[in-house]
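Subject: Structure handover

Hello,

Here is the structure I promised to pass on. Please open it first, then read my notes below.

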Amino acid sequence: MLTLSRLLSRLPLSWLHAFGALLGWLTWLLSPTYRRHLRENMQLALGETESRRLRAAAIGEAGKGALELTRIWLRPLAETAARVVEISGWELVEAAARRGRGILYLTPHLGCFEITAQYLSTHAPITVLYRPPRQAWLQAMIEAGRARAQLHLAAADLSGVRSLLKALKRGEAVGMLPDQAPKAGEGRWLDFFGKQAYTMTLAARLVDSGASVIMVWAERLPGGRGYHFHLQEPTRPIRGTIEERAQQINHEIEHLIRQCPSQYLWGYNRYKGRRGSEAPPLPNAGGPT
């Protein structure tokens with residue numbers, strides 16, 4: 001598989017996106033579980049009418065996201081960074097750098113989420129939270145792609161959290177996927193598009209460090225033209241208890257997704273439970289109405 005990935009990485013991005021769209025539809029046709037998650041998640045977040053209108057685009061975009069990873073991970077960093085052809089909000093990065101208290105980049109599963117840390121590492125050191133995959137070949141490919149000169153990996157464990165805190169203390173940047181389902185005991189059940197989702201609290205805890213929070217995502221442009229890098233401030237300051245901060249981060253993710261809903265990874269089982277961390281019962285469940 002790694003050899004095939006290296007061959008694919010040499011194809012033009014437009015070709016990868018074309019083949020990826022086909023892969024997205026093949027996955028849709030062959031996986032009932034994937035179809036169910038994608039349908040349910042889109043309908044919950046967008047409503048029946050909008051979900052139907054965007055479903056075909058979302059299926060294709062998910063496949064593009066899978067195949068473009070070969071080029072993001074396995075090509076030279078300069079070549080990868082050059083695929084970012086438009087940037088909005090870079091002044092936020094410059095202002096945060098002047099404050100010198102570190103930057104917390106929050107990147108949901110929206111657009112080409114893997115290119116964000118790659119591109120940011122061409123400007124300054126960044127440490128990203130990382131959960132090793134089960135497949136050895138995928139592990140090797142990720143390590144090859146993410147281990148850039150100024151891009152440092154932090155395992156999703158206690159030692160990794162310490163690495164993130166140390167980076168922020170040095171005034172550096174850290175990045176993570178705040179909509180990734182955490183392990184049992186490491187999250188809270190909070191609202192996400194109107195349904196309880198087991199939500200990580202680590203991002204909310206890192207806000208306490210005083211770091212500047214920047215929401216970032218890379219929009220996939222049509223025709224393989226590259227990516228539009230979006231950097232945005234939260235819609236309001238992230239404050240309150242750990243739970244309140246984590247809930248607000250969920251709402252900030254929703255705000256980003258609504259900007260380009262067809263490029264969110266709807267097939268990801270955002271609402272899955274973890275053994276030992278069951279969802280709380282709904283209010284009045286089984287009781288009088």
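Let me start with one residue. Q118 counts as buried because its relative accessibility is 1%. (Buried means under 20% relative accessible area, exposed means over 50%, and partly exposed lies in between, with a 1.4 Å probe and protein chains only.) Q118 sits in helix α7, residues 114-120. (Helices are DSSP runs of H or I with at least four residues, strands are runs of E with at least two, and both are numbered from the N terminus.) Q118 and L77 are 41 residues apart along the chain, yet their C-alpha atoms are separated by 7.2 Å.

Some ground rules. This is a predicted model, where local features need pLDDT of at least 70 and side-chain atom pairs count only at pLDDT 80 or more, while totals for chains, interfaces and linings use all residues. Residues are numbered from 1 along each chain as its sequence is written, and side-chain values use heavy atoms, with hydrogens and water left out.

The overall picture

The protein chain has 11 helices and 9 strands. Of its 289 residues, 52% are buried. Take the contacts with a separation of 6 or more: residues 24 or more positions apart account for 76% of them. (Contact means heavy atoms within 4.5 Å.)

Helix α3

Helix α3 covers residues 32-46. Its 15 residues should span 21 Å at 1.5 Å a residue, and its end C-alpha atoms are 21 Å apart, which agrees. (The expected span is 1.5 Å times one less than the number of residues.) Its buried residues are Y34, H37, L38, N41, M42, A45 and L46. They cover an arc of only 115° around the axis, which puts them on the same side of α3. (The arc is that of the directions from the helix axis to the C-beta atoms.) They pack against α2 (13-30) and α4 (48-74). After α3 comes G47, with a positive phi near 90°.

Helix α9 and the second largest pocket

Helix α9 runs over 158-169. At 1.5 Å a residue, its 12 residues should span 16 Å; the end C-alpha atoms are 17 Å apart, which agrees. G160, L164, A167 and L168 are buried in α9. Seen down the axis of α9, these buried residues fall within an arc of 100°, so they line one face of the helix. The face turned away from that buried side carries the exposed residues L158, K166 and K169. Cover for the buried residues of α9 includes β2 (103-106), β3 (126-130), β4 (151-155), β5 (173-176) and α10. Just after α9, G171 has a positive phi of about 80°.

(On a 1 Å grid over the protein atoms alone, a pocket is an open set of points with protein on both sides within 12 Å along at least five of seven lines; a cavity is a set where a 1.4 Å probe fits but cannot get out; lining residues have an atom within 4 Å of a point. Points are joined across faces, edges and corners, and a volume is the space filled by probe spheres set on them.) The lining has 13 residues, with L129, A156, V161, E186 and L202 nearest the centre. It divides into 7 nonpolar, 2 polar and 4 charged. (Ala, Val, Leu, Ile, Met, Phe, Trp, Tyr, Cys and Pro count as nonpolar, Asp, Glu, Lys and Arg as charged, and the others, Gly among them, as polar.)

V161 belongs to α9. At 22% relative accessibility, V161 counts as partly exposed. V161 touches A155 and L202, leaving aside residues up to four places away in sequence.

The cavity

How many cavities of 30 Å³ or more does the structure hold? There is 1. The largest cavity has a volume of about 50 Å³. N41, F192, Y264, L265, W266, Y268, R270 and Y271 line it.

Most residues other than glycine have a negative phi. F193 is not a glycine, but its phi is positive, about 55°. F193 lies in the loop between β6 and β7. With 7% relative accessibility, F193 counts as buried.

Best wishes
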